[in-house]
Amino acid sequence: MPKELWKGNEAIAEAAVRAGLEAYFGYPITPQTEILEYLSRRMPELGRTFVQAESELGAINMVYGAACTGVRVMSSSSSPGMSLMMEGISYIAGTEVPAVLVNVMRGGPGLGNIAPAQGDYNQAVHGGGHGDYQPIVLAPASVQEAIDLTALSFDLAEKYRAICMVILDGCVGQMMEPAEMPEMKPVHRENWDWNTDAKMGKRKRRVLSSIYIEPAEEEKMNLRVLNRWRTIEAKEVRYKEYFLDDAEIVVVGFGTAGRIALSAVREARAEGIKVGLLRPITVSPFPYKVIDQLTARADAFLVTEMNSGQMLEDVRLAVKGRVPVEFYGRLGGVVPFPDEILNEIHRMAKSKLSLDVHPRDAWLERMAHA
Amino acid sequence: MATENLVYDRPEGFTDTPTHYCPGCTHGVAHRLVAEVLEEMGVLEKTIGVAPVGCSVFAYNYFDTDFVEAPHGRAPAMATGVKRVMPDRIVFTYQGDGDLASIGMGEIVHAAARGENITVIFINNANFGMTGGQMAPTTLPGMKTTSSPNGRDVETQGYPIKVAEMLSTLDGVGYCVRRSLHDPKNIRLAKKAIRMAFETQSRGLGFSMVELLSTCPTNWGITPVNSLKFVEEHMVPFYPLGDYKISEAIKQIKI
């Protein structure tokens with residue numbers, strides 16, 4: 001396929017269609033509404049299901065119902081809408097049915113604003129809904145990656161009977177870039193051994209539920225999901241490395257923050273500073289092992305995010321206090337410039353770094369004196 | 001030689017599962033009517049039920065059909081998801097009044113407004129049964145519950161919601177009636193209504209709902225027999241039985 005100019009949100013919608021999306025249920029919210037609008041045209045044109053729900057609660061439960069029948073189904077929203085979906089997300093996880101969700105993150109908490117942010121990292125990666133479960137979470141940094149990861153998300157969700165979430169910020173959702181679409185895959189209904197598509201004279205009845213009234217049975221379910229998660233951790237970690245071979249300083253950033261950091265890293269390299277970038281693509285499962293290995297040869301880490309340091313804690317877990325970890329963040333919908341991150345790289349290259357202070361405290365201290 | 005005629009048996013639509021409902025509760029009657037109708041229509045093989053949260057949370061144990069279990073109040077949204085991707089299946093929700101009329105009011109109203117081609121069996125027993133008899137949106141004025149211990153005071157606790165009347169105002173609704181389960185005659189009428197609701201769906205004639213006035217002896221704190229009397233004497237006058245909306249196309253259906 002030739003490259004075309006695609007807007008992030010619309011590219012995600014078309015990528016989902018080409019991956020065999022059979023039903024979409026959503027609710028308008030900026031900055032993801034173009035996904036809903038695009039699919040309101042595209043899905044009926046192909047004879048597929050599109051419903052604008054009465055709320056995100058409605059949308060996620062329509063996703064839940066359709067997911068139980070075994071078809072490829074998706075919803076999308078932005079931060080406050082994702083909060084509303086958390087109930088259904090927990091039920092979907094508890095029922096072990098595959099579903100794809102897209103969160104085009106905006107500034108928060110609360111109504112916040114509609115500017116690009118990454119404040120939902122913890123909500124996506126470390127839960128959000130109640131109970132023990134972990135979704136697969138993919139974080140694209142470009143329109144092309146948003147297309148590729150959207151297509152991948154359906155395969156991963158089905159393979160592991162899990163929720164696969166694509167989290168991006170308003171930047172990737174709203175910007176236009178040249179990108180290549182995958183080939184159109186026909187809608188294909190798998191012959192699952194779990195879906196509730198009615199007996200149809202072929203089998204015994206099936207029930208899909210998140211209820212395990214006996215605690216011992218619930219524990220079995222919890223362990224089953226946990227063991228599945230260990231397989232996901234072993235097989236599905238994805239990330240991108242830039243200039244890491246001889247890097248003394250390792251910058252870690254996901255999505256747009258990672259992409260901006262790359263500009264800063266390139267500039268620092270041109271100045272002769274040995275710095276590289278690790279950009280997690282699966283923020284869940286998180287590339288702990290990769291960071292663990294990098295810790296053996298790097299002098300320090302710089303975590304950069306568009307939030308108050310949520311992924312920072314996961315990086316610290318991997319580094320285990322062996323080398324200094326520094327943090328630089330912008331919050332509330334403010335997007336950092338590459339210069340801001342370059343300044344941090346300069347500071348780290350020149351000064352002695354501490355292992356004792358929490359990187360978030362040190363960062364706030366620097367901000368106060370800036 | 002005497003012959004024995006089998007006059008009462010478990011319908012094909014039921015699994016062999018002992019009931020978890022309290023003695024005297026009419027959920028069992030409502031379940032049976034649904035199972036009989038699905039069997040008589042020959043649609044058990046293509047039916048997918050959506051269970052609620054409440055006393056009937058385990059509805060999926062009793063029906064010999066595929067079933068999914070919805071979050072509290074969300075059954076109509078879940079049923080929408082099922083039916084939209086499986087339009088040739090029969091999809092129904094079975095919901096109580098806490099589920100449908102309290103937490104799930106948004107989902108039921110919009111499913112009805114969209115004219116989702118699903119059937120809703122709505123059990124109105126004027127309280128939250130499963131959590132032990134709290135006030136529901138359907139609790140009668142002055143009625144005592146564990147969360148309206150002095151009787152429902154409409155000044156501070158608001159007025160009951162008449163669901164069948166309310167939903168009947170929506171254009172997406174094809175069939176919307178209220179029946180009662182307090183005596184054999186009304187049970188027969190309820191069964192006919194349930195049949196009509198599923199016939200509405202099988203013909204693609206829009207949203208269908210049957211509201212069933214039901215008993216809750218355990219939480220009402222009265223005997224099963226007195227519970228039936230309570231429905232007749234107190235609930236029927238407040239929640240009049242009747243056909244609130246039957247579209248012209250549905251009126252033509254002859255069974």
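Author: Begin with one pair of residues: A:Val207 stands opposite B:Phe67 in β2(B). Keep in mind that this is a predicted model.

Reader: How many bridges join β9(A) to strand β2 of chain B?

Author: The general idea comes before the case. Strands of a sheet pair through backbone hydrogen bonds, either parallel or antiparallel. Here β9(A) and strand β2 (residues 66-69) of chain B run parallel, joined by two bridges.

Reader: How many residues does the contact take from chain A and from chain B?

Author: Chain A gives 35 residues and chain B gives 27 residues. On the side of chain A that touches chain B, α3(A) gives the most, with nine residues. That side divides into 17 nonpolar, 11 polar and seven charged residues.

Reader: What is the order of the strands in the open sheet of chain A?

Author: The order is β3-β2-β4-β5-β7-β6-β13, seven strands with mixed pairing. An edge strand pairs on one side only, and here the edges are β3 and β13 (282-284) of chain A. From one strand to the next, the twist averages 20 degrees.

Reader: Which strands does α4(A) touch where it packs on the sheet?

Author: α4(A) touches β4, β5 and β7 (163-169) of chain A, and its direction makes about 160 degrees with that of β5(A). Strands β4 (residues 73-77) and β5 (residues 99-105) of chain A pair in the parallel sense over four bridges. In that pairing, A:Ser76 stands opposite A:Val102.

Reader: Which residues of helix α11 of chain A are buried?

Author: They are A:Met311, A:Leu312, A:Asp314, A:Val315, A:Ala318 and A:Val319. Seen down the axis of α11(A), these buried residues fall within an arc of 160 degrees, so they line one face of the helix.

Methods:
Residues numbered from 1 in each chain as written. Chains lettered and ligands numbered in written order. Predicted model: local features only at pLDDT ≥ 70, side-chain atom pairs only at ≥ 80, totals over all residues. Contact = placed C-beta atoms within 7 Å. Nonpolar A, V, L, I, M, F, W, Y, C, P; charged D, E, K, R; others polar. Pairing = 2+ DSSP bridges. Buried ≥ 20, exposed ≤ 12 C-beta atoms within 10 Å, placed from the backbone. Arc of directions from axis to C-beta. Axes fitted to C-alpha atoms, helices over the stretch in contact; angles between N-to-C directions.
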